[in-house]
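This briefing concerns a single structure and its side-chain packing. Please keep the sequence and the model at hand while reading the points below.

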Amino acid sequence: MVEGARLESVYTSKGYRGFESLSLRRFKQNATKKALNIMFKAFFVFHPLNWQTIHLFLNMDQEEQIRGLLVKSLKNSALRRAYSAFARKKAFKKGEHVREPGTVCRYCYFMISGIARGYYLRDGKEVTTSFCFEGDPVFSLESATRGVPAYETFEILEDAVMEMIRFNDLFQLRQQFPEIEKMWLLSVEAYAIWLEERLYSLQFNDAKERYALLIKKYPYIIQRVQLGYIASYLGITKETLSRIRG
C-alpha cells in the first residue's frame with residue numbers, strides 16, 4: 001500500500017493528472033498504451049534474444065533521439081543486467097485473460113507473439129477498446145499507478161508469449177538509468193500526439209474512414225481478429241462493418 005501511494009505521487013508530480021483531464025474515459029488507457037509503445041519497445045530490445053525489434057522501434061517519431069538513446073543503452077551492461085533481472089517470459093493460451101477481471105494491474109506485459117484485446121464490460125456487454133499485437137505493451141495504466149482495480153480486461157485471441165515486468169521494478173529502472181527516464185518522457189510526448197489524432201478521428205471521421213485508418217495501421221487484422229471485435233472497437237454494428245467492407 002505504501003509503495004503504491006509513493007508511486008502514484010511521483011507520477012502525479014510529472015503531470016499525469018493533467019494529461020488524464022484531457023482524455024475521455026473510454027479510450028484513455030488505450031491512448032496511453034499506444035504512446036508508451038515507444039518506451040517499452042526500447043526496454044524489450046535489451047533482452048539479448050530480441051534484437052530484431054530495434055528495426056520496428058526506429059521507425060517511430062523522434063527517431064534520431066531514440067537511436068542515440070538505444071546506442072547508449074545497449075552499451076550499458078549494467079542496464080541490460082538490471083532489466084534482465086526483473087523481466088521474465090510467460091505463455092498464454094487462447095481464451096485466457098492476462099489477469100483476472102477487476103484486479104489490480106501489477107505488471108506490464110509486452111507482446112512477443114500472439115494477439116490480445118482490451119475490453120470493458122458495460123451493462124453486461126463487452127466493448128472492445130484496444131488490440132495488442134506483436135510489439136505492443138499490455139497493461140492498465142490507471143490501475144498500475146493508483147493501485148485500484150482495472151476497468152479494462154485483456155483476453156488472449158491467439159496463443160501468446162509475453163515478457164513481463166513489475167511496474168515497481170520499471171519505476172526503479174527509471175530512477176536508476178537516465179536513458180530510460182528520457183524514453184519515458186519521449187513516450188509522454190508521443191502520447192499527446194496520438195491522443196490528439198485519436199480525438200480528431202472520433203469526432204470527425206465517419207465509420208468508413210475509421211475502418212480505413214484501422215486497416216492502414218493493421219493490414220492483417222481482418223485475418224487475425226473476429227469481425228465482431230473489430231466492429232465493437234470502431235463503435236459500429238457487425239452488419240455496418242460488413243456493408244463497409246462490401
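This is a predicted model: local features need pLDDT of at least 70, side-chain atom pairs count only at pLDDT 80 or more; totals for chains, interfaces and linings use all residues.

Does Y109 count as buried or exposed? With a relative accessibility of 7%, Y109 lies under the 20% cut-off and therefore counts as buried.

**Nonpolar cores**

- The largest nonpolar core comprises 18 residues, and F131, I221, V225, I230 and L234 have the most contacts inside it.
- At least two residues of this core come from each of helix 10 (207-217), helix 11 (221-224) and helix 12 (227-234).
- Helix 12 is the greatest contributor, giving 5 residues to the core.
- As a general background, nonpolar side chains in soluble globular proteins tend to be buried together.

**Helix 6**

- Within helix 6 (residues 77-86), the buried residues include L79, A82 and Y83.
- The buried residues of helix 6 line one face of the helix, because they fall within an arc of 95° when seen down its axis.
- R81 and A85 are exposed on the other side of helix 6.
- In general, residues three or four places apart on an α-helix point the same way, because there are 3.6 residues a turn.
- Where helix 6 starts, the backbone nitrogen of A78 has a side-chain oxygen of N76 within 3.1 Å.

**Aromatic pairs**

- The whole structure contains 8 aromatic pairs.
- Y107 and Y109 form a tilted pair, because their ring planes meet at 45°, with the centres 6.2 Å apart.
- Y107 has a relative accessibility of 24% and so counts as partly exposed, whereas Y109, at 7%, counts as buried.
- Y107 and Y109 also belong to a cluster that ring pairs form together with F92.
- The pair of F131 and Y233 is likewise tilted, with ring centres 5.4 Å apart and planes at 55°.
- This pair links distant parts of the chain, since F131 lies in strand 3 (residues 125-132) and Y233 in helix 12, 102 residues apart.
- F131 counts as buried at 3% relative accessibility, and Y233 is buried with a relative accessible area of 13%.

**Charge over rings**

- R117 places its charged end over the ring of Y119, at 4.2 Å from the ring centre.
- The charged end of R117 also sits over the ring of Y229, 3.9 Å from the centre of that ring.

Notes:
Residues are numbered from 1 along each chain as its sequence is written. Side-chain values use heavy atoms; hydrogens and water are left out. A nonpolar core is a set of buried Ala, Val, Leu, Ile, Met, Phe, Trp, Tyr and Cys residues joined through side-chain atoms within 4.5 Å. Buried means under 20% relative accessible area, exposed over 50%, partly exposed in between (1.4 Å probe, protein chains only). Helices (H or I, at least four residues) and strands (E, at least two) are DSSP runs, numbered from the N terminus. The arc is that of the directions from the helix axis to the C-beta atoms. A polar contact is a pair of N or O atoms within 3.5 Å; within protein, one must be able to donate a hydrogen and the other to accept it, and residues adjacent in sequence count only if both atoms are side-chain atoms. Rings of Phe, Tyr and Trp (its six-membered ring) pair if their centres lie within 6.5 Å; planes under 30 degrees apart count as stacked, over 60 as edge-to-face and the rest as tilted. A charge sits over a ring if NZ of Lys or CZ of Arg is within 6 Å of the ring centre and within 35 degrees of the ring normal.
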